[in-house]
Amino acid sequence: MKKSLGPKTVAFPLPAYLVGAYDEKGHPNIMTAAWGGILSSSPPTIGVSVRPTRLTFDCVTHHKAFTVSFPPAGLYVETDFAGLASGRQRDKFAATGLTPVDSALVSAPYVAECPVVAECELYKTLELGSHVLFVGKILDIKAEENLETDGELDPLKVNPLIFAGQGYYRLGGFLGKAFDSGHRIVNREAE
Ligand SMILES: Cc1cc2nc3c(=O)[nH]c(=O)nc-3n(C[C@H](O)[C@H](O)[C@H](O)COP(=O)(O)O)c2cc1C
């Protein structure tokens with residue numbers, strides 16, 4: 001028996017992205033964002049939902065570009081810090097020891113220590129209420145070598161940081177192949 005919890009923002013799991021952008025003076029900044037994800041395949045887009053009070057909101061609006069760096073599980077302390085402190089008061093790259101890298105494709109920095117990054121130009125903006133959804137067109141994904149299995153990025157090698165409830169998690173393990181496991185039911189029906 002389920003009980004109603006009301007209209008809450010509940011979804012599991014959520015990503016823990018580091019959104020990279022320059023402020024108006026060109027200083028690199030990162031902000032943790034859990035409210036986001038892939039939105040379309042053609043063009044390839046990724047969205048992050050940002051409150052207008054964040055420095056990141058001003059940065060993305062000004063430069064019309066941002067990056068999404070995918071922190072590995074081991075960077076949960078730095079990622080949490082980037083979600084506690086604002087670039088208005090702190091240089092978060094200096095405080096965390098993370099290294100900004102200038103994207104050659106868009107006017108935004110990404111995080112060297114993150115194994116996978118997306119470089120995005122601002123494609124669309126959608127005002128939702130408390131948050132504004134920035135839809136980024138992915139111009140390139142850059143990934144460290146040796147993260148692939150059979151030509152695809154291997155999640156267990158990437159080891160992405162996961163946000164759920166009020167905590168940080170890592171991937172628990174492989175269960176089955178996608179677009180394949182369901183065939184067991186198709187096959188069962190055919191018997
Ligand atoms: C785990 C986590 C997830 C967060 N997700 C979001 C988010 O999706 N959107 C948002 O606007 N703020 C989010 N925040 C809060 C911002 O990261 C935080 O306000 C940050 O200080 C803003 O940085 P800035 O002012 O340098 O842009 C999150 C914080 C944490 C710790």
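Colleague: Is K64 buried, exposed or partly exposed?

Modeller: K64 counts as partly exposed, because it has 16 C-beta neighbours inside 10 Å. By the cut-offs, a residue is buried with 20 or more other C-beta atoms within 10 Å of its own, exposed with 12 or fewer, and partly exposed in between, with C-beta atoms placed from the backbone. This is a predicted model, where local features need pLDDT of at least 70, side-chain atom pairs count only at pLDDT 80 or more, and totals for chains, interfaces and linings use all residues. Residues are numbered from 1 along each chain as its sequence is written.

Colleague: Where is K64 found?

Modeller: In the loop between α1 and β6 (65-70). Helices (H or I, at least four residues) and strands (E, at least two) are DSSP runs, numbered from the N terminus. K64 is not a glycine, although its phi is positive, about 55°.

Colleague: What about D150, where is that?

Modeller: D150 is in the loop between β11 (148-149) and β12 (152-153). D150 is exposed, since it has 5 other C-beta atoms within 10 Å.

Colleague: How far is D150 from H131?

Modeller: Their C-alpha atoms are separated by 38 Å, and the two residues are 19 apart along the chain.

Colleague: New topic, the ligand. How many residues surround it?

Modeller: 21 residues surround the ligand, and the closest are W35, T56, G83, S86 and G87. A residue is near a molecule or strand if its C-beta atom, placed from the backbone, lies within 6 Å of it.

Colleague: Which elements give two or more residues to that shell?

Modeller: β3 (28-33), β5 (44-50), α1 (55-63) and α2 (76-84). The largest share, 4 residues, comes from β3.

Colleague: How do the shell residues divide into nonpolar, polar and charged?

Modeller: The shell has 9 nonpolar, 8 polar and 4 charged residues. Here Ala, Val, Leu, Ile, Met, Phe, Trp, Tyr, Cys and Pro count as nonpolar, Asp, Glu, Lys and Arg as charged, and the others, Gly among them, as polar.

Colleague: Back to the backbone. What is the peptide bond from F12 to P13, cis or trans?

Modeller: Cis, with omega near -15°. P13 is in the segment before β1 (14-15).

Colleague: And from S42 to P43, cis or trans?

Modeller: That peptide bond is cis, with omega near 0°. P43 lies in the loop between β4 (36-41) and β5.
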